[in-house]
Amino acid sequence: MTIRVLVADDQAVVRDGVALLLTSAEDIEVVGQAGDGNEAVRLALAERPDVALVDLRMPGLDGAQVTAEVVAAGMGTRVLVLTTFADDDAVMPALRAGALGYLTKDATGEAVLAAVRDVAAGRTVLDPAVQRRLVQLVVTEPKAPAAASAPSSAMLPPEAEGLTRREVDVVRLLAKGLNNRQVARELVVSQATVKTHLNHVLAKLALDDRGALIAWAWRFGLVDNTEQ
């Protein structure tokens, strides 16, 4: 199966380089290139690519706005952000708009190709720098035990309805940057129990790993940086 990709970046040399990289792969076809956000949305709606590879800083609509427009169109195009920035002002709007992947331009060509394939398959890809940034947002000044500040079930997003309350507690603590040992201490359970909850959550949400789960938690509002 050939993965059809749209490349959107306002820097021509970057755009051309990424397109050249993608076309070097036998299973990837570049179906369009856009130099600004409005053109990216127009081409996405016209070409209906499997993956839109989108920069964040572009004239017209920015990458988060492009992501929101593409996702809202409901045509199945998945968005992979490829940008220079990994700060919270860049990361959070993109993830909340529905981006399934987020890479910085420090990524290798091999990593970009792998990310395109993963995102096309519906798997979340999160650059390690982005993952670290998400964790930094909530661990620099941790406050009261997170389980105590967990939202009531009435406040949970629909995407979390299949999770038990305890599984939600585990997700929120992991998304705040706690490791299994720290989660176990917060919830007064064993690390084995935490691992079991984590495995159940990953299976229920069809996610591959902890990084994807953290991105999912942030995207659907199970944790946010106002809980400081």
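Does Trp 216 fall on the buried or the exposed side, and what is its relative accessibility?

**View 1. Trp 216 and its neighbour Phe 220 form a ring pair.** In this predicted model, Trp 216 has a relative accessibility of 6%, and because anything under 20% is called buried, Trp 216 counts as buried. Phe 220, on the other hand, is partly exposed, with a relative accessible area of 26%. To describe a pair of aromatic rings, you give the distance of the centres and the angle of the planes. The count of aromatic pairs here comes to one. Its rings, from Trp 216 and Phe 220, have centres 5.4 Å apart and planes at 55 degrees, so the pair is tilted.

**View 2. Helix α9 covers residues 191-205.** Just past the helix, look for Ala 206, which has a positive phi of about 55 degrees.

**View 3. The buried residues of α9 have helix neighbours.** Val 194, His 197, Leu 198, Val 201, Leu 202 and Leu 205 are the buried ones. Look down the axis of α9 and they fall within an arc of 135 degrees, so they line one face of the helix. They pack against α7 (165-175), α8 (180-187) and α10 (210-219).

**View 4. Zooming out, the protein chain has 10 helices and six strands.** Of its 228 residues, 48% are buried. The chain exposes about 10,400 Å², with carbon and sulfur atoms supplying 50% of that.

Methods: Residues numbered from 1 in each chain as written. Predicted model: local features only at pLDDT ≥ 70, side-chain atom pairs only at ≥ 80, totals over all residues. Heavy atoms only, no water. Helix = DSSP H or I, 4+ residues; strand = E, 2+ residues; numbered from the N terminus. Expected span 1.5 Å × (residues − 1). Buried < 20%, exposed > 50% of the residue type's maximum accessible area, 1.4 Å probe, protein only. Arc of directions from axis to C-beta. Contact = heavy atoms within 4.5 Å. Areas by Shrake-Rupley, 256 points an atom, 1.4 Å probe, with all protein chains shown as cover. Phe/Tyr/Trp six-rings, centres within 6.5 Å; stacked < 30°, edge-to-face > 60°.
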